[in-house]
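I opened my notebook to look through this structure from whole to part.

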Amino acid sequence: MASNVKALVFDLGGVLLEWDRHSVTSLSPGQFLTIMNSRAWHDLDRGILTVKEACKDFSIMLSVEPSVIESALEEAQLSLTVNTLLVQTIHDLRASSPDLKLYIMSNISREHYKMVRALDLPWSIFDFIFVSGIEGMRKPDLCFFQHVIQRTGVDPSQIVMIDDTVENICAARSTGMYGILADDSTAKTGGTLLNLLRDPLPRAEVYMKNNARNHHCVVEGHKNLILKDNFAQMMIWELTGNEGLIYLKWPSGKLHGANGDSMNGQASDNNGSSVNLDLKNGLWNYFYEEPVLTSRDFPPDADTTSTAYLSLPPEYLSTVADVELVLDAMATNIDSDGIIQTYFTSDRPRTTPEVCCNVLRVFYRFGHDSDPRIRKTEEWVVSCLENNACLNGNRYYSTPESFLYFVARLYTECGPGRLANELDVIKGKLEERLNMPTNPLSLALRIFACQLVGINRSYYRKDLEKFLSLQDRDGGWPAGHFCCVGKTGARIGNRGLTTALAAKIIQKEMGTI
(Lines give C-alpha, C1' and ligand atoms only; values in the text may rest on other atoms or scores of the structure.)
Protein backbone atom coordinates (compact mmCIF):
# COMPACT_ATOMS: atom_id res chain seq x y z
CA MET A 1 0.00 0.00 0.00
CA ALA A 2 2.79 2.44 0.95
CA SER A 3 4.33 2.78 -2.51
CA ASN A 4 0.89 3.06 -4.12
CA VAL A 5 -0.42 6.06 -2.16
CA LYS A 6 -0.17 9.38 -3.98
CA ALA A 7 -2.58 11.58 -2.03
CA LEU A 8 -3.90 12.07 1.50
CA VAL A 9 -7.23 13.79 2.12
CA PHE A 10 -7.89 15.07 5.64
CA ASP A 11 -11.05 16.23 7.35
CA LEU A 12 -10.81 19.41 9.43
CA GLY A 13 -13.06 19.08 12.50
CA GLY A 14 -12.30 15.96 14.54
CA VAL A 15 -9.11 15.25 12.59
CA LEU A 16 -6.81 18.22 11.90
CA LEU A 17 -8.72 20.32 14.41
CA GLU A 18 -10.17 19.26 17.74
CA TRP A 19 -12.99 21.04 19.50
CA ASP A 20 -14.01 21.06 23.14
CA ARG A 21 -17.61 19.90 23.32
CA HIS A 22 -17.87 21.15 26.90
CA SER A 23 -17.11 24.70 25.77
CA VAL A 24 -20.55 25.02 24.19
CA THR A 25 -22.74 26.14 27.09
CA SER A 26 -25.51 27.94 25.20
CA LEU A 27 -27.00 24.67 23.89
CA SER A 28 -27.26 21.19 25.37
CA PRO A 29 -25.47 18.30 23.61
CA GLY A 30 -28.86 16.99 22.52
CA GLN A 31 -29.85 20.32 21.00
CA PHE A 32 -26.53 20.57 19.20
CA LEU A 33 -26.99 17.10 17.70
CA THR A 34 -30.49 18.01 16.58
CA ILE A 35 -29.36 20.97 14.51
CA MET A 36 -26.28 19.17 13.15
CA ASN A 37 -28.51 16.44 11.74
CA SER A 38 -31.02 18.82 10.20
CA ARG A 39 -31.59 19.81 6.57
CA ALA A 40 -30.78 23.40 7.47
CA TRP A 41 -27.32 22.35 8.73
CA HIS A 42 -26.68 20.48 5.49
CA ASP A 43 -27.71 23.55 3.53
CA LEU A 44 -25.35 25.63 5.67
CA ASP A 45 -22.53 23.20 4.83
CA ARG A 46 -23.34 23.47 1.12
CA GLY A 47 -23.35 27.26 1.17
CA ILE A 48 -27.06 27.46 0.38
CA LEU A 49 -27.76 29.21 3.69
CA THR A 50 -25.71 31.75 5.60
CA VAL A 51 -25.11 31.26 9.32
CA LYS A 52 -27.80 33.83 10.19
CA GLU A 53 -30.33 32.21 7.85
CA ALA A 54 -29.57 28.73 9.22
CA CYS A 55 -29.87 29.93 12.82
CA LYS A 56 -33.40 31.17 12.11
CA ASP A 57 -34.34 27.65 11.01
CA PHE A 58 -32.56 26.18 14.05
CA SER A 59 -34.48 28.59 16.26
CA ILE A 60 -37.79 27.18 15.04
CA MET A 61 -36.61 23.60 15.68
CA LEU A 62 -35.38 24.26 19.22
CA SER A 63 -37.63 27.14 20.29
CA VAL A 64 -34.48 29.05 21.14
CA GLU A 65 -33.55 32.59 20.09
CA PRO A 66 -31.38 32.71 16.93
CA SER A 67 -28.79 34.82 18.76
CA VAL A 68 -28.34 32.07 21.35
CA ILE A 69 -27.67 29.52 18.61
CA GLU A 70 -25.25 31.88 16.82
CA SER A 71 -23.41 32.23 20.12
CA ALA A 72 -23.22 28.46 20.54
CA LEU A 73 -21.79 28.02 17.04
CA GLU A 74 -19.22 30.70 17.75
CA GLU A 75 -18.27 29.00 21.04
CA ALA A 76 -17.68 25.77 19.12
CA GLN A 77 -15.47 27.52 16.56
CA LEU A 78 -13.48 29.36 19.22
CA SER A 79 -12.77 26.09 21.05
CA LEU A 80 -10.99 24.58 18.03
CA THR A 81 -7.32 23.68 18.51
CA VAL A 82 -4.76 22.22 16.13
CA ASN A 83 -4.00 18.50 16.37
CA THR A 84 -0.24 19.05 16.66
CA LEU A 85 0.76 15.37 16.69
CA LEU A 86 -1.07 14.71 13.44
CA VAL A 87 0.38 17.87 11.91
CA GLN A 88 3.88 16.70 12.85
CA THR A 89 3.16 13.36 11.20
CA ILE A 90 2.05 15.17 8.04
CA HIS A 91 5.27 17.21 8.02
CA ASP A 92 7.32 14.02 8.45
CA LEU A 93 5.48 12.26 5.64
CA ARG A 94 5.88 15.21 3.27
CA ALA A 95 9.59 15.46 4.13
CA SER A 96 10.18 11.78 3.35
CA SER A 97 7.83 11.74 0.34
CA PRO A 98 7.98 15.15 -1.40
CA ASP A 99 5.68 13.99 -4.21
CA LEU A 100 2.89 13.01 -1.79
CA LYS A 101 -0.15 15.26 -2.37
CA LEU A 102 -2.00 16.65 0.65
CA TYR A 103 -5.58 17.89 0.64
CA ILE A 104 -8.32 18.99 3.04
CA MET A 105 -11.96 18.07 2.43
CA SER A 106 -14.29 19.53 5.04
CA ASN A 107 -17.95 20.11 5.73
CA ILE A 108 -17.82 23.74 6.82
CA SER A 109 -19.66 26.97 5.99
CA ARG A 110 -17.92 29.87 4.28
CA GLU A 111 -18.15 32.00 7.43
CA HIS A 112 -16.78 29.35 9.75
CA TYR A 113 -14.00 28.51 7.29
CA LYS A 114 -12.86 32.15 7.44
CA MET A 115 -12.72 31.83 11.24
CA VAL A 116 -10.63 28.63 11.30
CA ARG A 117 -8.14 30.08 8.82
CA ALA A 118 -6.89 32.16 11.74
CA LEU A 119 -5.74 28.98 13.52
CA ASP A 120 -2.10 27.98 13.44
CA LEU A 121 -2.54 25.13 10.98
CA PRO A 122 0.16 24.90 8.25
CA TRP A 123 -2.32 25.73 5.51
CA SER A 124 0.36 26.20 2.87
CA ILE A 125 1.49 22.58 3.08
CA PHE A 126 -1.81 21.46 1.55
CA ASP A 127 -2.09 21.38 -2.23
CA PHE A 128 -5.78 22.32 -2.17
CA ILE A 129 -8.59 22.73 0.36
CA PHE A 130 -12.08 21.56 -0.58
CA VAL A 131 -14.57 23.56 1.48
CA SER A 132 -18.17 22.32 1.26
CA GLY A 133 -19.58 25.85 1.62
CA ILE A 134 -17.55 26.95 -1.40
CA GLU A 135 -17.87 23.80 -3.52
CA GLY A 136 -21.64 23.54 -2.95
CA MET A 137 -21.37 19.88 -1.94
CA ARG A 138 -20.90 18.12 1.37
CA LYS A 139 -19.79 14.73 2.62
CA PRO A 140 -21.06 12.04 2.34
CA ASP A 141 -22.46 13.15 -1.05
CA LEU A 142 -20.78 10.92 -3.62
CA CYS A 143 -20.63 13.85 -6.03
CA PHE A 144 -18.31 15.64 -3.56
CA PHE A 145 -15.91 12.68 -3.53
CA GLN A 146 -16.07 12.38 -7.33
CA HIS A 147 -15.35 16.12 -7.54
CA VAL A 148 -12.26 15.71 -5.36
CA ILE A 149 -11.05 12.74 -7.41
CA GLN A 150 -11.50 14.69 -10.64
CA ARG A 151 -9.84 17.88 -9.36
CA THR A 152 -6.83 16.07 -7.90
CA GLY A 153 -6.36 13.85 -10.93
CA VAL A 154 -5.40 10.95 -8.66
CA ASP A 155 -6.84 7.49 -9.07
CA PRO A 156 -9.11 6.79 -6.05
CA SER A 157 -7.20 3.59 -5.27
CA GLN A 158 -4.18 5.81 -4.59
CA ILE A 159 -6.01 8.19 -2.26
CA VAL A 160 -6.26 7.80 1.52
CA MET A 161 -9.16 9.58 3.25
CA ILE A 162 -8.90 10.38 6.98
CA ASP A 163 -12.22 11.35 8.58
CA ASP A 164 -13.87 11.01 11.99
CA THR A 165 -17.35 10.20 10.65
CA VAL A 166 -18.12 6.63 9.69
CA GLU A 167 -20.65 7.54 6.96
CA ASN A 168 -18.02 9.72 5.27
CA ILE A 169 -15.50 6.88 5.37
CA CYS A 170 -18.13 4.53 3.96
CA ALA A 171 -18.77 6.93 1.07
CA ALA A 172 -15.03 7.38 0.44
CA ARG A 173 -14.46 3.65 0.32
CA SER A 174 -17.39 3.20 -2.06
CA THR A 175 -15.56 5.38 -4.59
CA GLY A 176 -12.41 3.28 -4.30
CA MET A 177 -10.51 5.38 -1.78
CA TYR A 178 -8.74 3.84 1.22
CA GLY A 179 -10.53 5.06 4.35
CA ILE A 180 -9.09 5.61 7.83
CA LEU A 181 -11.67 6.25 10.53
CA ALA A 182 -10.14 8.63 13.08
CA ASP A 183 -11.95 7.15 16.06
CA ASP A 184 -9.02 6.46 18.39
CA SER A 185 -5.78 8.09 19.49
CA THR A 186 -3.65 6.07 17.08
CA ALA A 187 -5.62 7.25 14.06
CA LYS A 188 -6.02 10.82 15.33
CA THR A 189 -2.30 11.29 15.97
CA GLY A 190 -1.19 9.80 12.66
CA GLY A 191 -0.06 6.43 13.94
CA THR A 192 -2.35 4.60 11.53
CA LEU A 193 -1.01 6.68 8.65
CA LEU A 194 2.58 5.89 9.60
CA ASN A 195 1.80 2.20 9.71
CA LEU A 196 0.16 2.42 6.32
CA LEU A 197 2.84 4.47 4.57
CA ARG A 198 6.13 3.65 6.31
CA ASP A 199 8.11 0.41 6.12
CA PRO A 200 7.57 -1.23 9.54
CA LEU A 201 10.88 -3.14 9.64
CA PRO A 202 13.31 -0.18 9.73
CA ARG A 203 11.10 1.50 12.33
CA ALA A 204 11.16 -1.64 14.46
CA GLU A 205 14.93 -1.93 14.15
CA VAL A 206 15.36 1.71 15.19
CA TYR A 207 13.16 1.10 18.23
CA MET A 208 15.19 -1.92 19.28
CA LYS A 209 18.46 0.00 18.87
CA ASN A 210 17.23 3.14 20.63
CA ASN A 211 16.11 1.06 23.61
CA ALA A 212 19.05 -1.33 23.66
CA ARG A 213 19.59 -2.90 27.09
CA ASN A 214 16.41 -1.25 28.32
CA HIS A 215 13.93 -3.79 27.05
CA HIS A 216 12.44 -4.42 30.47
CA CYS A 217 9.34 -6.40 31.29
CA VAL A 218 6.17 -4.80 32.60
CA VAL A 219 3.74 -6.39 35.03
CA GLU A 220 -0.01 -5.94 34.91
CA GLY A 221 -1.27 -4.02 37.94
CA HIS A 222 2.24 -2.80 38.85
CA LYS A 223 2.61 0.33 36.74
CA ASN A 224 5.75 1.65 38.43
CA LEU A 225 7.55 -1.69 38.63
CA ILE A 226 10.41 -2.34 36.23
CA LEU A 227 10.97 -6.07 35.97
CA LYS A 228 14.43 -7.09 34.79
CA ASP A 229 14.62 -10.75 33.92
CA ASN A 230 16.98 -13.06 32.06
CA PHE A 231 14.25 -15.04 30.32
CA ALA A 232 12.78 -12.33 28.04
CA GLN A 233 16.31 -11.10 27.31
CA MET A 234 17.29 -14.57 26.13
CA MET A 235 14.21 -14.78 23.93
CA ILE A 236 15.13 -11.42 22.36
CA TRP A 237 18.70 -12.61 21.80
CA GLU A 238 17.51 -15.80 20.12
CA LEU A 239 15.20 -13.82 17.83
CA THR A 240 17.63 -11.03 16.90
CA GLY A 241 21.06 -12.61 17.30
CA ASN A 242 22.15 -9.23 18.71
CA GLU A 243 23.70 -9.38 22.17
CA GLY A 244 24.02 -5.60 22.19
CA LEU A 245 20.28 -5.27 22.68
CA ILE A 246 20.03 -7.21 25.93
CA TYR A 247 21.39 -7.57 29.45
CA LEU A 248 21.96 -10.77 31.40
CA LYS A 249 23.02 -12.01 34.77
CA TRP A 250 25.04 -15.16 34.28
CA PRO A 251 24.79 -18.02 36.76
CA SER A 252 28.21 -16.99 38.08
CA GLY A 253 26.82 -13.56 38.94
CA LYS A 254 28.66 -11.82 36.12
CA LEU A 255 26.62 -9.07 34.44
CA HIS A 256 26.32 -8.63 30.70
CA GLY A 257 25.23 -5.37 29.09
CA ALA A 258 24.22 -3.61 32.29
CA ASN A 259 23.59 0.04 31.35
CA GLY A 260 25.08 2.32 33.95
CA ASP A 261 25.73 -0.58 36.30
CA SER A 262 28.99 -0.32 38.21
CA MET A 263 28.99 -4.08 38.60
CA ASN A 264 29.05 -4.68 34.84
CA GLY A 265 31.27 -7.66 34.20
CA GLN A 266 31.76 -8.39 37.90
CA ALA A 267 30.45 -11.22 40.04
CA SER A 268 27.54 -10.43 42.35
CA ASP A 269 25.00 -12.10 44.60
CA ASN A 270 22.92 -14.65 42.79
CA ASN A 271 19.37 -13.84 43.90
CA GLY A 272 19.91 -15.60 47.21
CA SER A 273 19.48 -19.07 45.77
CA SER A 274 21.33 -21.91 47.46
CA VAL A 275 21.65 -23.83 44.21
CA ASN A 276 22.83 -21.10 41.84
CA LEU A 277 26.40 -22.32 41.92
CA ASP A 278 25.41 -25.94 41.34
CA LEU A 279 26.75 -27.69 38.29
CA LYS A 280 29.62 -25.25 38.04
CA ASN A 281 27.38 -22.26 37.31
CA GLY A 282 25.24 -23.89 34.65
CA LEU A 283 21.75 -23.25 36.06
CA TRP A 284 20.11 -19.92 35.21
CA ASN A 285 17.75 -17.83 37.32
CA TYR A 286 14.74 -16.04 35.88
CA PHE A 287 15.56 -12.77 37.65
CA TYR A 288 18.34 -10.38 36.67
CA GLU A 289 17.98 -8.40 39.89
CA GLU A 290 16.50 -9.23 43.26
CA PRO A 291 13.30 -11.29 42.87
CA VAL A 292 10.05 -9.30 42.94
CA LEU A 293 6.45 -10.37 43.56
CA THR A 294 7.71 -13.71 44.88
CA SER A 295 9.95 -15.13 47.59
CA ARG A 296 13.43 -13.62 48.01
CA ASP A 297 15.09 -17.02 47.79
CA PHE A 298 14.16 -17.79 44.19
CA PRO A 299 15.75 -20.90 42.65
CA PRO A 300 17.12 -21.38 39.12
CA ASP A 301 14.68 -22.92 36.67
CA ALA A 302 14.71 -25.24 33.69
CA ASP A 303 12.88 -22.71 31.48
CA THR A 304 15.49 -19.94 31.70
CA THR A 305 18.33 -22.47 31.65
CA SER A 306 16.99 -24.17 28.52
CA THR A 307 16.39 -20.84 26.79
CA ALA A 308 19.93 -19.77 27.64
CA TYR A 309 21.51 -22.83 26.03
CA LEU A 310 19.24 -22.39 23.01
CA SER A 311 20.07 -18.69 22.63
CA LEU A 312 23.78 -18.50 23.37
CA PRO A 313 26.02 -18.41 20.30
CA PRO A 314 28.65 -21.16 20.11
CA GLU A 315 31.43 -18.87 21.33
CA TYR A 316 29.54 -18.31 24.58
CA LEU A 317 28.73 -21.96 25.29
CA SER A 318 32.31 -22.57 26.32
CA THR A 319 31.93 -19.98 29.10
CA VAL A 320 29.11 -21.83 30.87
CA ALA A 321 28.78 -25.31 32.31
CA ASP A 322 29.01 -28.25 29.96
CA VAL A 323 25.56 -28.86 28.51
CA GLU A 324 25.89 -32.57 29.37
CA LEU A 325 25.85 -31.70 33.07
CA VAL A 326 22.79 -29.50 32.62
CA LEU A 327 20.89 -32.08 30.60
CA ASP A 328 21.58 -34.70 33.24
CA ALA A 329 20.37 -32.32 35.96
CA MET A 330 17.14 -31.81 34.04
CA ALA A 331 16.60 -35.48 33.25
CA THR A 332 16.96 -36.45 36.90
CA ASN A 333 14.76 -33.59 38.16
CA ILE A 334 11.45 -35.35 37.53
CA ASP A 335 8.16 -35.70 39.36
CA SER A 336 6.37 -38.91 40.30
CA ASP A 337 4.98 -39.15 36.76
CA GLY A 338 8.43 -39.01 35.23
CA ILE A 339 7.95 -35.46 33.85
CA ILE A 340 10.82 -32.97 34.02
CA GLN A 341 10.13 -30.27 36.59
CA THR A 342 10.33 -26.51 36.29
CA TYR A 343 12.56 -25.63 39.25
CA PHE A 344 15.86 -27.10 40.40
CA THR A 345 14.67 -27.35 43.97
CA SER A 346 12.60 -29.80 45.97
CA ASP A 347 10.37 -27.18 47.62
CA ARG A 348 8.76 -26.03 44.33
CA PRO A 349 7.33 -29.18 42.77
CA ARG A 350 6.01 -27.78 39.49
CA THR A 351 5.62 -29.13 35.96
CA THR A 352 4.78 -26.75 33.12
CA PRO A 353 4.02 -27.73 29.49
CA GLU A 354 5.77 -24.70 28.00
CA VAL A 355 8.87 -25.33 30.08
CA CYS A 356 8.90 -28.94 28.97
CA CYS A 357 8.89 -27.79 25.33
CA ASN A 358 12.01 -25.71 25.91
CA VAL A 359 13.72 -28.49 27.85
CA LEU A 360 13.03 -30.94 25.04
CA ARG A 361 14.41 -28.47 22.52
CA VAL A 362 17.74 -28.50 24.35
CA PHE A 363 17.86 -32.29 24.35
CA TYR A 364 17.21 -32.35 20.61
CA ARG A 365 19.54 -29.44 19.86
CA PHE A 366 22.47 -31.19 21.51
CA GLY A 367 21.82 -34.67 20.13
CA HIS A 368 20.18 -36.31 23.13
CA ASP A 369 16.78 -36.98 21.57
CA SER A 370 17.14 -40.71 22.21
CA ASP A 371 17.53 -40.28 25.97
CA PRO A 372 14.82 -42.54 27.47
CA ARG A 373 14.47 -40.19 30.45
CA ILE A 374 12.64 -37.57 28.34
CA ARG A 375 9.94 -39.92 26.98
CA LYS A 376 7.34 -39.15 29.66
CA THR A 377 7.91 -35.44 29.15
CA GLU A 378 7.46 -35.83 25.39
CA GLU A 379 4.25 -37.80 25.91
CA TRP A 380 2.87 -35.13 28.22
CA VAL A 381 3.61 -32.29 25.79
CA VAL A 382 1.89 -34.19 22.98
CA SER A 383 -1.08 -34.94 25.23
CA CYS A 384 -1.36 -31.29 26.27
CA LEU A 385 -1.32 -30.27 22.62
CA GLU A 386 -3.87 -32.82 21.45
CA ASN A 387 -6.29 -32.05 24.29
CA ASN A 388 -6.01 -28.23 24.37
CA ALA A 389 -4.70 -28.37 27.93
CA CYS A 390 -3.37 -24.79 27.78
CA LEU A 391 -6.43 -23.18 26.21
CA ASN A 392 -6.63 -20.85 29.21
CA GLY A 393 -2.90 -20.65 29.80
CA ASN A 394 -1.67 -22.04 33.11
CA ARG A 395 0.14 -21.07 36.28
CA TYR A 396 3.15 -19.45 34.58
CA TYR A 397 1.91 -18.61 31.09
CA SER A 398 -1.02 -16.31 30.40
CA THR A 399 -2.19 -17.28 26.90
CA PRO A 400 -2.65 -20.44 24.81
CA GLU A 401 -0.35 -18.89 22.19
CA SER A 402 2.60 -19.19 24.56
CA PHE A 403 2.31 -22.97 24.56
CA LEU A 404 1.63 -23.16 20.82
CA TYR A 405 4.68 -20.99 20.12
CA PHE A 406 6.99 -23.19 22.17
CA VAL A 407 5.50 -26.32 20.59
CA ALA A 408 6.15 -24.81 17.15
CA ARG A 409 9.73 -24.17 18.18
CA LEU A 410 10.06 -27.77 19.34
CA TYR A 411 8.41 -29.06 16.17
CA THR A 412 11.01 -27.35 13.98
CA GLU A 413 13.86 -28.24 16.35
CA CYS A 414 13.30 -31.98 16.46
CA GLY A 415 13.22 -32.41 12.68
CA PRO A 416 11.54 -35.29 10.81
CA GLY A 417 10.82 -38.27 12.99
CA ARG A 418 8.58 -39.71 15.66
CA LEU A 419 8.11 -36.61 17.81
CA ALA A 420 7.55 -34.32 14.83
CA ASN A 421 4.87 -36.68 13.57
CA GLU A 422 3.15 -36.61 16.93
CA LEU A 423 3.40 -32.83 17.10
CA ASP A 424 2.11 -32.30 13.57
CA VAL A 425 -1.30 -31.51 15.07
CA ILE A 426 0.21 -28.12 15.98
CA LYS A 427 -0.84 -26.83 12.56
CA GLY A 428 -4.50 -27.53 13.17
CA LYS A 429 -4.33 -26.11 16.69
CA LEU A 430 -2.84 -22.88 15.41
CA GLU A 431 -5.46 -22.60 12.69
CA GLU A 432 -8.16 -22.93 15.35
CA ARG A 433 -6.72 -19.86 17.09
CA LEU A 434 -6.52 -17.66 14.00
CA ASN A 435 -8.51 -14.40 14.21
CA MET A 436 -9.23 -15.00 17.90
CA PRO A 437 -8.94 -11.79 19.98
CA THR A 438 -5.75 -11.61 22.04
CA ASN A 439 -3.06 -9.17 23.16
CA PRO A 440 -0.22 -7.92 20.89
CA LEU A 441 2.54 -10.17 22.24
CA SER A 442 0.34 -13.24 22.11
CA LEU A 443 -0.67 -12.33 18.56
CA ALA A 444 2.99 -12.08 17.57
CA LEU A 445 3.67 -15.52 19.05
CA ARG A 446 0.72 -16.93 17.10
CA ILE A 447 1.80 -15.47 13.77
CA PHE A 448 5.44 -16.46 14.13
CA ALA A 449 4.40 -19.98 15.16
CA CYS A 450 2.31 -20.19 11.98
CA GLN A 451 5.34 -19.18 9.95
CA LEU A 452 7.57 -21.70 11.71
CA VAL A 453 5.34 -24.68 10.98
CA GLY A 454 4.61 -23.62 7.40
CA ILE A 455 0.97 -22.54 7.56
CA ASN A 456 -0.06 -20.76 4.37
CA ARG A 457 -0.04 -16.96 4.69
CA SER A 458 -3.60 -16.72 3.41
CA TYR A 459 -4.77 -18.35 6.65
CA TYR A 460 -3.13 -15.86 9.01
CA ARG A 461 -3.34 -12.79 6.76
CA LYS A 462 -5.97 -11.01 8.87
CA ASP A 463 -4.00 -11.62 12.04
CA LEU A 464 -0.88 -10.27 10.34
CA GLU A 465 -2.68 -7.13 9.13
CA LYS A 466 -4.09 -6.55 12.60
CA PHE A 467 -0.68 -7.01 14.20
CA LEU A 468 1.13 -4.68 11.80
CA SER A 469 -1.49 -1.98 12.49
CA LEU A 470 -0.49 -2.02 16.18
CA GLN A 471 2.98 -0.54 15.64
CA ASP A 472 3.42 2.54 17.82
CA ARG A 473 4.76 5.90 16.67
CA ASP A 474 8.21 5.12 18.11
CA GLY A 475 8.45 1.98 15.95
CA GLY A 476 7.87 -0.51 18.75
CA TRP A 477 4.85 -2.66 19.51
CA PRO A 478 2.83 -2.76 22.75
CA ALA A 479 4.10 -5.00 25.53
CA GLY A 480 1.06 -7.26 25.70
CA HIS A 481 1.67 -10.32 27.86
CA PHE A 482 2.66 -13.97 27.52
CA CYS A 483 3.62 -15.21 30.97
CA CYS A 484 2.58 -14.44 34.52
CA VAL A 485 3.63 -14.38 38.14
CA GLY A 486 2.82 -17.83 39.47
CA LYS A 487 1.91 -16.59 42.93
CA THR A 488 -0.56 -13.86 41.91
CA GLY A 489 -1.33 -14.44 38.23
CA ALA A 490 -0.22 -10.90 37.33
CA ARG A 491 0.54 -10.96 33.62
CA ILE A 492 3.96 -10.05 32.22
CA GLY A 493 4.80 -8.47 28.87
CA ASN A 494 7.74 -6.86 27.12
CA ARG A 495 7.71 -4.29 24.28
CA GLY A 496 11.17 -5.36 23.17
CA LEU A 497 10.09 -8.98 22.87
CA THR A 498 6.94 -8.10 20.92
CA THR A 499 8.98 -5.87 18.61
CA ALA A 500 11.72 -8.48 18.13
CA LEU A 501 9.03 -10.95 17.12
CA ALA A 502 7.54 -8.35 14.79
CA ALA A 503 10.87 -7.84 13.04
CA LYS A 504 11.29 -11.58 12.64
CA ILE A 505 7.75 -11.95 11.29
CA ILE A 506 8.27 -9.16 8.75
CA GLN A 507 11.60 -10.61 7.65
CA LYS A 508 9.97 -13.98 7.07
CA GLU A 509 7.17 -12.37 5.08
CA MET A 510 9.78 -10.64 2.97
CA GLY A 511 11.61 -13.92 2.48
CA THR A 512 14.86 -12.53 3.87
CA ILE A 513 15.30 -15.29 6.46
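This is a predicted model: local features need pLDDT of at least 70, side-chain atom pairs count only at pLDDT 80 or more; totals for chains, interfaces and linings use all residues.

Residues are numbered from 1 along each chain as its sequence is written, and side-chain values use heavy atoms, leaving out hydrogens and water.

**Entry: the whole**

I looked up the extent of the C-alpha trace. It spans about 90 × 45 × 45 Å along its principal axes. Of the 513 residues, 54% count as buried. I counted 25 helices and 13 strands; helices (H or I, at least four residues) and strands (E, at least two) are DSSP runs, numbered from the N terminus.

The protein exposes about 22,300 Å², and carbon and sulfur atoms supply 49% of that. These areas come from the Shrake-Rupley method with a 1.4 Å probe.

I then checked charge. There are 50 positive and 62 negative side chains. Lys and Arg count as positive, Asp and Glu as negative; His and the chain ends are not counted. The centres of the two sets lie 2 Å apart, with each charge placed at NZ of Lys, CZ of Arg, CG of Asp or CD of Glu.

**Entry: the cores**

Which residues have the most contacts inside the largest nonpolar core? I found Trp-284, Val-381, Phe-403, Leu-423, Phe-482 and Leu-501, in a core of 99 residues. Such a core is a set of buried Ala, Val, Leu, Ile, Met, Phe, Trp, Tyr and Cys residues joined through side-chain atoms within 4.5 Å. Helix α23 (residues 440-453) gives the largest share of this core, ten residues. Apart from it lies another core, of 33 residues, among them Leu-12, Ile-90, Ile-129 and Ile-180.

I followed Val-381. Leaving aside residues up to four places away in sequence, Val-381 touches Pro-353, Cys-356, Cys-357, Leu-360, Phe-403, Val-407, Leu-410 and Leu-423. Contact means heavy atoms within 4.5 Å.

**Entry: a sheet**

I traced an open sheet of four strands, antiparallel in its pairing, in the order β9-β8-β13-β12. Two strands pair if DSSP finds at least two bridges between them. The edge strands are β9 (222-227) and β12 (483-484), each pairing on one side only.

Strand β8 (residues 217-219) is joined to β13 (residues 491-493) by two bridges. Here Val-218 stands opposite Gly-493. On the β9 side, Val-219 stands opposite His-222. β8 and β9 form a hairpin with two residues between them. Gly-221 in that turn has a positive phi of about 85°.

**Entry: loops**

I looked at Asn-388, in the loop between α19 and α20 (400-414). Its phi is positive, about 55°, although it is not a glycine.

Asn-435 sits in the loop between α22 (426-433) and α23. Its phi is also positive, near 70°. Asn-435 counts as partly exposed because its relative accessibility is 45%.

Pro-372 is in the loop between α18 (353-365) and α19 (375-386). Pro-372 counts as exposed, since its relative accessibility is 64%.

Last, I checked Pro-140, in the loop between α7 (132-135) and α8 (142-152). A cis peptide bond joins Lys-139 to Pro-140, with omega about 10°.

Technical notes. Buried means under 20% relative accessible area, exposed over 50%, partly exposed in between (1.4 Å probe, protein chains only).
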